[in-house]
Each structure stands twice: as structure tokens, then as C-alpha cells.
Amino acid sequence: MDSNRTGVLTIVATPIGNLNDMVPRAIQTLQSVSLIACEDTRHSKKLLNHFNIDKPCIAYHDHGDRQTIEKLLVRLESGEDIALISDAGTPLISDPGYRLVAQARNRGITVTPIPGACAAIAALSVSGLPTDSFLFGGFLPAKTGQRKTTLNEFKPATQTLVFYEAPHRILETVTDMVEIFGQQRQGFLAREISKTFETFIQGTLSELQQQISLDTNQQRGEIVLVIAGAEEKTATTTVSAEKVLKLLLNELPASKAASLTAKICGADKKAMYQVALQFQGK
Ligand code: SAM
């Protein structure tokens, strides 16, 4: 170990089901570091054994574990390379690691990723819903009241929405989504991605709700929900209202044209009347 060199903290993604999705650089990195910080050491030992990786492991959680964070940072500062893995997928994505990475960065330690599987991105990529802009909501609150409040906050978002959900709550959550987002919003359920029972269900929220309640297999395993964003409200309402108004003014008096435009376009009648007078040069 070079005592002048600070160690590197590598955030290593691991498979979300199929071990063949482990990338070669992840294996090389885990074989070369001094220590592997794991969400659950017993769980990770199975993965590490599979790839003949025999390295010391330490359990790491973001909460209530200041001593472990400090221990890891001191070892990094003394030149040891450390990897962080979680039970599955990309660490920090609804998994531990945020505090460690934030503090490592604050202390000038190099933090680098080995990119790989992430259930949210895998589900989004096959959902058929727009991918140019999306919001990742992680896990929704477990309690119905709080979950509905959160869903109401997401309701007007026009971006595609991505959530993780536990199998025993999937029906309740989709039912709440039907109530808050409406029956006709498009949704996509991705279950057990890359595993034997990989299943995808596409449809309106009400169709999803029906399938999940009729087929209890859909209430098992690991699940990602991808939901279409709200339809964009036309920012051009005023412009199109003005167009309608102009056409009607060719045939009708200003007050009648304004009141019809207000009805057709949902615009304000008085405002339309003022615009009508302007058009007439009054
Ligand atoms: N860090 C992980 C990642 O990068 O996807 C996510 C960890 S989070 C604790 C676990 C949740 O991810 C599961 O409850 C499920 O919602 C989703 N998930 C993980 N693996 C999955 C899979 N194979 N298929 C569908 N969803 C999965």
C-alpha cells in the first residue's frame, strides 16, 4: 500500500436477479479492493462466493452507523481501496450508501462507479412509455394516507413516473393510483426482471388493477411500476382562443364572439371581450 495515496471508494452495481449480468469490471474491482462494504454480508457472501471473490466484508447502513462510516473513511484516507455493494442492483438507489459517498466526497476521497443493473432503469427501458424525462419516486410511503398525499404531489407531473413497490402492497398502491391518477392513465408493471418468472403487464391503471387482483402471482416477487406522466396542458390556450375569437368576430358581435370563445376554449369571458375590442380597434 502506498501511504501517500488516498484509497478509492468504488460503488459497484451487482445483478438484480441474473448472475450473468455481473459485469467483468465489477468482478475485477471486488477482487482487488482491501474491503467490501455490504448492505447484508450474509446475502453478499453468496454472490462473492459465486465469483470466487474472497475479501473481508463489513456491514454498512446509512442510518445509525457513524462509527462504520468513520472507520471506512479512515481506511480510505490511509490508502486502502474499498468497494460498496448492496443486496442487488446499483447501491444508493433505494439502497444504503448516500452518507458514505457524501462524506467521502467532502473529505476529497475519489469515488467512482462500476455501472450495472438498476431495476428502475431496466423497467423504464422496456415500458414503452416516454423515457426522455422521468421522475424516480423510489418506494412510496407504506401507509395509505401518506401514500395518497405523495401520489397527489406526483399527479400533475408530465414526466414518466417510476416507483419501486413491495409485492404485498402492490394491489393497494395500484388501487390508490387508480383513484388519484385516474383509471385511464397508462401504467406498466415489471416483475422479477431477469429472473425465471419475469413478467410485464402493460395497460391502463384500471386494467393493471384488475389483472393484479385476479392473478395473485402478480402480487409476488420484486416489482417496478412505471406510470405515464400527466397529459401536458396546452400552453397555447390563449393563442388558440385568440384564433377562435378572430374567426367568430367575422360573423358575430364582440360580446357574443367573446362569450362563445370563453365556452369553447375555457377562457375568461371578460378577458376575451377586451381582446375582441382590441381586434376591432376600439
Ligand atoms: N438498488 C436496487 C436497484 O438498483 O434497482 C434497488 C434496491 S430496492 C431495495 C429493491 C426494489 O427494487 C424491489 O423492491 C423492487 O421494487 C426493485 N427490484 C429489484 N430487483 C428487481 C427485479 N429483478 N425486478 C423488478 N424489480 C426489482
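**View 1. The ligand sits in the largest pocket of the predicted model.** On a 1 Å grid over the protein atoms alone, a pocket is an open set of points where a 1.4 Å probe fits, with protein on both sides within 12 Å along at least five of seven lines; a molecule sits in it if more than half of its atoms lie within 2 Å of its grid points. β7 (160–165) and β10 (223–227) are the elements that give two or more residues to the shell around the ligand, strands being DSSP runs of E with at least two residues.

View 2. A polar side-chain atom of D95 lies 2.8 Å from a ligand nitrogen atom. For E222, a side-chain N or O atom is 3.4 Å from a nitrogen atom of the ligand, whereas E192 places a backbone N or O atom 3.5 Å from a ligand nitrogen.

View 3. Of 20 residues, I93, D95, A119, Y164 and I223 come nearest. The shell comprises 12 nonpolar, 3 polar and 5 charged residues. Domain 1 (8–117) and domain 2 (120–227) each supply at least three residues, with bounds from an automatic or database domain assignment.

**Notes.** Residues are numbered from 1 along each chain as its sequence is written, and side-chain values use heavy atoms, without hydrogens and water. In this predicted model, local features need pLDDT of at least 70 and side-chain atom pairs count only at pLDDT 80 or more, while totals for chains, interfaces and linings use all residues.

Conventions:
Near = heavy atom within 4 Å. Polar contact = N/O pair within 3.5 Å; in protein donor to acceptor, adjacent residues only side chain to side chain. 1 Å grid on protein atoms, 1.4 Å probe; cavity = no way out; pocket = protein on both sides within 12 Å on 5 of 7 lines; lining within 4 Å. Helix = DSSP H or I, 4+ residues; strand = E, 2+ residues; numbered from the N terminus. Nonpolar A, V, L, I, M, F, W, Y, C, P; charged D, E, K, R; others polar.
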